[in-house]
Amino acid sequence: MAIGFKQGSSIEHAAFVVSIVYASILFATAAVQHYLFGTQVWDIGLFEQFSWLIGEGKIAAISSLRQVAPLEDHFSLLLLPLGAIYKVFPSTFTFIGLQSIALGALPAIAASLAVKRQIDARLIWALICAIVLCPYSFLVNRGTSIQMSSRFHS
């Protein structure tokens, strides 16, 4: 059963609100965990140093943490825009916020694509609920999955 234009638009608006709330919750939990010294400081420190080097225009400079240039670490082109953002907002919470926004946007993106394909409204809401209630997003955003896998291998 196809959805109408008005119903599809209201679903997209509601999914956008859900995404804002979801991103806010993701950011709040990850920021509190970081504030309480519960994050993986090696990963965040590495990204912070790479972003600082790129933001300062030292893209070919060698990192003191890994002894490689920023783009030599898996040729991560994502670091280029991160470096520009980090130059304006130099804080670890910048990375936490950007990751929370990226994960929080998933319900709105999924709803928008589903509305364009004229998927039934009940299925769209089921998809939004599945995305929001999936615990893996919280684990990824808080760095817990890395901690769990490193404990598993030790």
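Student: Of the contacts between residues at least 6 apart in sequence, what share joins residues at least 24 apart?
Tutor: In this chain, which is a predicted model, 66% of those contacts join residues at least 24 apart.

Student: OK, and how many helices and strands are there?
Tutor: The secondary structure comes to 8 helices and 0 strands, and so the order from the N terminus reads α-α-α-α-α-α-α-α.

Student: Let's pick α2. How many residues does it have, and how far does it reach?
Tutor: Helix α2 covers residues 41-55, which makes 15 residues, and it reaches 20 Å from its first C-alpha to its last, close to the 21 Å expected at 1.5 Å a residue.

Student: Which of its residues are buried?
Tutor: In α2 the buried ones include Leu46, Phe50, Leu53 and Ile54, and also Glu48 and Gln49.

Student: What do those buried residues pack against?
Tutor: The buried residues of α2 pack against α3, residues 79-88, and against α4, residues 92-104.

Student: And what follows α2?
Tutor: Gly57 follows α2, and the phi of Gly57 is positive, near 80 degrees.

Student: Switching topic, where is confidence lowest and where is it highest?
Tutor: The chain averages a pLDDT of 83, with 85% of the residues scoring at least 70, but confidence is lowest in helix α8, residues 144-153, at a mean of 42, and highest in helix α5, residues 106-116, at 95.

Student: How many contacts beyond four places in sequence does the model have for residues 145-154?
Tutor: The model has 10 such contacts for residues 145-154, a stretch where pLDDT stays under 50.

How values were computed. Residues are numbered from 1 along each chain as its sequence is written. This is a predicted model: local features need pLDDT of at least 70, side-chain atom pairs count only at pLDDT 80 or more; totals for chains, interfaces and linings use all residues. Side-chain values use heavy atoms; hydrogens and water are left out. Helices (H or I, at least four residues) and strands (E, at least two) are DSSP runs, numbered from the N terminus. The expected span of a helix is 1.5 Å times one less than its number of residues. Buried means under 20% relative accessible area, exposed over 50%, partly exposed in between (1.4 Å probe, protein chains only). Contact means heavy atoms within 4.5 Å. pLDDT is the predictor's confidence in each residue, from 0 to 100.
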